[in-house]
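Here is a short briefing for a first look at this structure. Keep the sequence and the 3D view at hand as you read.

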Amino acid sequence: MSRLTVRNLLEDAKTVLQLKCLAGATNLWKDISEAHIMKAGLLLAGVERDAQPDSIIVLGQKEIAYFEQLKGRQRSEPVRQLIEFQPACIIVTKNLPVPRLLVTTCLEQKIPLFSTPLLTSRLLDSLESWIDEHTRESTTMHGVLVDVMGVGILIVGPSGIGKSEVALELISRGHRLIADDLVEIQKQHGGNLMGQGRPLVSHHMEIRGLGIISIPALFGPTAVRDSKKIELIVELEEWQPQKEYDRLGIEELHRSILDVRLPLLTIPVRPGRSVATIIDVAARDRLLKERGIHSARLFHDQLDVVLASRAVQPAKGIE
């Protein structure tokens, strides 16, 4: 996760949040702790006892009304309480009048203070979306991401094994490309992994002997999509005669990306094998498993029943 500062907030979300700086403009490099946005009313009421420093504090209609009803020195106490939390910044919503004491204190303590015309609920939603976008864990992997029957499949393997060629055959069958060569992966809240391509080469493929091709230009706009949840990893490898490959599929292998476990299939590549067809069937099998239908295990159970029934039958010729 990259470091977040108040300057990042001001630069990235200034248009959306419509922020106007009232104080603390010289200290915009203050860090913003991840995913902490606090309502000032909860802090002043003592409800938020585990407040983290370097958080964003929001003041709305109720908090400003509370300040306005206080007289003289009474206003210094709530201001002191807010400053003691060492916030990354303070934002006042709805262009409400900001107490002068709060402005002067923020100037003295070099705490960024902003005003916005947005309603408190709209501001909180926008802040949460911005922080969520910038605090997601992410990584980049070499491979191809395709949408096969609605299943996001990440195809990986050594360079030159034929990942792009397999993806191209899948696209020609009506499936869709998300990313070729480099796949950017983000971990979302809830543990889902979303993959997408890099903007510069998005929806293009490099095919050895052919060069760079545009998938939308060749197959139409429905042959691509911008992002997809990754649900299955397919690893291609050269066929090794001495290696024992899974022939039943009863037990699933897994691989972790950003601490998220995903089903893994290893497909040996050799002449005469249609890897695209195997991946197509793997996607259909994944859809069956999501419905609770595990073909290999059902076959294994049926085999056990047959063997058990034969075991209890007396042998012919024996009384």
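This is a predicted model. Start with helix α10, residues 295–312, where Leu303 is found.

**A surface patch**
- Leu303 belongs to a nonpolar surface patch, together with Phe299 and Leu307.
- The patch covers about 290 Å².
- Leu303 has a relative accessible area of 38%.

**The eight-stranded sheet**
- Eight strands build an open sheet with mixed pairing.
- Their order is β12-β9-β8-β6-β7-β13-β15-β14.
- The edge strands are β12 (227–229) and β14 (253–257). Each has a single partner strand, so one side of each lacks a neighbour in the sheet.
- From one strand to the next, the twist averages 40°.

**Pairings inside that sheet**
- Strands of a sheet pair through backbone hydrogen bonds, either parallel or antiparallel.
- Strand β6 (residues 137–148) runs antiparallel to strand β8 (residues 176–187), and eleven bridges join them. Gly143 stands opposite Asp181 in β8.
- β8 also runs antiparallel to strand β9 (residues 193–196), with four bridges between them. Here Glu184 faces Gln196 in β9 as its opposite residue.
- β6 pairs with strand β7 (residues 151–156) as well, again in the antiparallel sense, over five bridges. Val148 stands opposite Val151 in β7.

**The five-stranded sheet**
- Five strands form another open sheet, in the order β1-β5-β4-β3-β2. Its pairing is mixed.
- β1 (20–23) and β2 (37–39) stand at the edges. Each pairs with a single strand, so one side of each is left without a neighbour in the sheet.
- Neighbouring strands of this sheet are turned by 30° against each other on average, direction ignored.
- Strand β3 (residues 56–59) and strand β4 (residues 89–92) run parallel, joined by four bridges. Val58 has Ile91 in β4 as its bridge partner.

**Helix α7**
- Which residues of helix α7 (residues 163–172) are buried? They are Lys163, Ser164, Val166, Ala167, Leu170 and Ile171.
- Seen down the axis of α7, these buried residues fall within an arc of 160°, so they line one face of the helix.

Methods: Residues numbered from 1 in each chain as written. Predicted model: local features only at pLDDT ≥ 70, side-chain atom pairs only at ≥ 80, totals over all residues. Heavy atoms only, no water. Pairing = 2+ DSSP bridges. Helix = DSSP H or I, 4+ residues; strand = E, 2+ residues; numbered from the N terminus. Patch = residues over 30% accessible without salt bridge, like charges linked within 9 Å, V, L, I, M, F, W, Y side chains within 5 Å. Areas by Shrake-Rupley, 256 points an atom, 1.4 Å probe, with all protein chains shown as cover. Salt bridge = Lys/Arg side-chain N within 4 Å of Asp/Glu carboxyl O. Buried < 20%, exposed > 50% of the residue type's maximum accessible area, 1.4 Å probe, protein only. Arc of directions from axis to C-beta. Axes fitted to C-alpha atoms, helices over the stretch in contact; angles between N-to-C directions.
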